[in-house]
Amino acid sequence: MPAETARRYQDVINDTKLVKMEERRKYKIDRRNDFGFMPLFTDHVDPRYNINGNSIQKGFNQYAQWLHCIGNWGEEHSMCQKMRWYVEQAYPHEYYLEKQDQRKALGQYDHIIYYGNRPHKEFFPIYKPVKKNRKGAYEFWQDREFEPIWDSDAGNWKEHAPILHDIYVYGKKPVVDEE
């Protein structure tokens with residue numbers, strides 16, 4: 001008797017799943033028409049950690065890639081500088097990066113840095129040389145000059161733009177000259 005009840009229960013579950021799938025197909029949005037064919041993975045998105053969104057694990061993997069690059073190419077190599085940039089972008093908070101740097105200073109990664117060993121058994125190096133023709137995120141940001149366009153004190157509305165201060169803080173209506 002319990003097996004028959006379990007079979008009926010499973011049939012109900014399967015029927016419910018079919019209904020939900022059909023409803024989902026009915027309301028599905030075809031994103032290819034809106035956005036075109038977008039890449040699933042970019043320079044910042046490692047496919048191994050994109051599925052579950054584990055950004056700390058992704059950051060540690062990038063850190064291990066950087067350490068392996070240092071061990072094989074040297075810290076001054078352009079590939080390793082590029083990988084360090086990715087490490088700084090990958091960690092969600094500076095706290096985790098500081099902890100990894102402390103572990104490196106304590107010598108926990110010496111076998112990677114001095115001998116070029118793999119950090120773990122399944123490790124596969126994915127760092128790449130700096131691109132010349134088809135630039136990635138690193139090359140894009142390195143080509144830019146980030147000079148401030150405005151004065152650093154310009155954020156003080158009360159002093160530099162009293163009219164904006166009156167509009168946003170006191171809610172006064174702007175005076176518009178009609179021509």
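Predicted model: local features only at pLDDT ≥ 70, side-chain atom pairs only at ≥ 80, totals over all residues.
Local features here need pLDDT of at least 70 and side-chain atom pairs count only at pLDDT 80 or more, whereas totals for chains, interfaces and linings use all residues. Residues are numbered from 1 along each chain as its sequence is written, and side-chain values use heavy atoms, with hydrogens and water left out.

Of its 179 residues, 21% count as buried, meaning under 20% relative accessible area with a 1.4 Å probe, protein chains only.

Next, select residues 55-73, helix H4, together with residues 78-90, helix H5, which pack at an angle of about 165° with their axes 9 Å apart (axes are lines fitted to C-alpha atoms over the stretch in contact, and angles run from 0 to 180 degrees between N-to-C directions). That angle makes H4 roughly antiparallel to H5, a term for angles over 145 degrees.

Now show the side chains of the pair, where residues including Tyr63, Trp66 and Ile70 in H4 meet residues of H5, among them Met83, Tyr86 and Val87, contact being heavy atoms within 4.5 Å.

Then select Tyr63, Trp66, Leu67, Tyr86, Val87 and Tyr109, the residues with the most contacts inside the largest nonpolar core, which has 19 residues (buried Ala, Val, Leu, Ile, Met, Phe, Trp, Tyr and Cys joined through side-chain atoms within 4.5 Å). The largest share of this core, six residues, comes from H5.

Technical notes. Helix = DSSP H or I, 4+ residues; strand = E, 2+ residues; numbered from the N terminus. Parallel < 35°, antiparallel > 145°, perpendicular 65-115°, else oblique. Buried < 20%, exposed > 50% of the residue type's maximum accessible area, 1.4 Å probe, protein only.
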